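Subject: Structure handover and notes

Dear colleague,

Here is the structure I promised to pass on to you. My notes follow directly below it, and I would be glad if you read them with the coordinates open.

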Amino acid sequence: MSTIETQAVPAGTWSIDKVHSTIGFAVDYLAGTFQGSFGGVDAELTDGVLRGTAKVSSIQVNDPNLAGHLQAPDFFDAERHPEITFESKDVRRDGDELTIDGEITIKGHTEPVEIAGVISDPINDPFGGERVGLKLEAKVDRTKFGVDWNNPLPSGEPALSNEVTLLADLQLSKQA
C-alpha cells in the first residue's frame, strides 16, 4: 500500500510576474469601499515559503494628495518604514483552496495573519516557461500596526474602518 502526499504549492523557486500581478487593499470609507494598490512589489515562492514586499512609496490611488497622506506618519510612514513585508510560516491546500499562516509587517510592527485563497496548478506558458497563479485575501486590523488616522462623521462614528482587506492576485514564473 502506498500513500501519495500532495504538496500544497509546487516545488522550486517561482518569482512574480510584475506585469500580470497586483497587490492591493480595500477598506470601508464613508458610504463605500476605498481601494488602492502598490506598484513596487516583489514576491517569491521558494520551497513552500511565500515571501513578498510592497514599497510604500509605490502606493497607487486616484488622488496624488491622498497618496502623499498615505505615505505620511498618519498612515504608513514611508520615510521610516519603506516596505510592507510578508512571510509564510505554513501553507495548507485542499483542492485548489489555500490557507496560508504567516507574518506581515506594516509600519515596523509584525503581526500574525491568515490568508485564504486559491491556487492554479502550474501551466506551460507560450514563452517556454511555467506559471502558477495565486489569488489571496486577508483581513487585518490596521490599528494593530499603528495606522490609527480617522475622521469622525457627524454621527460620531469613524469614517474609516479599522478592518482592511489585503488582496493579491499573483502570477509566478518558475525559475531555472
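Asp 77 sits in the loop between α1 (64-71) and β7 (83-94), where helices (H or I, at least four residues) and strands (E, at least two) are DSSP runs numbered from the N terminus. Although Asp 77 is not a glycine, its phi is positive, at about 55°, and the residue is buried, with a relative accessible area of 3%; buried means under 20% relative accessible area, exposed over 50%, and partly exposed in between, with a 1.4 Å probe and protein chains only. Lys 107, which lies in the loop between β8 (97-106) and β9 (109-119), also has a positive phi, near 55°, in a residue other than glycine, and Lys 107 is buried, with a relative accessible area of 17%.

Please keep in mind that this is a predicted model, in which local features need pLDDT of at least 70 and side-chain atom pairs count only at pLDDT 80 or more, while totals for chains, interfaces and linings use all residues. Residues are numbered from 1 along each chain as its sequence is written, and side-chain values use heavy atoms, with hydrogens and water left out.

As for the chain as a whole, its secondary structure comes to one helix and twelve strands, which run β-β-β-β-β-β-α-β-β-β-β-β-β from the N terminus on. The C-alpha trace spans about 65 × 35 × 30 Å along its principal axes, and buried residues make up 39% of the 176 residues.

Leaving aside residues up to four places away in sequence, Phe 76 touches several residues, including Phe 38, Ile 106 and Lys 107, where contact means heavy atoms within 4.5 Å.

The largest pocket holds about 760 Å³ of space. Of the 40 residues that line the largest pocket, the closest to its centre are Gly 24, Phe 25, Phe 38, Val 164 and Leu 166. A pocket here is an open set of points on a 1 Å grid over the protein atoms alone, where a 1.4 Å probe fits, with protein on both sides within 12 Å along at least five of seven lines, and lining residues have an atom within 4 Å of a point; the volume is the space filled by probe spheres set on the points, which are joined across faces, edges and corners. Strand β12 (residues 160-174) gives the largest share of the lining, six residues.

With best wishes
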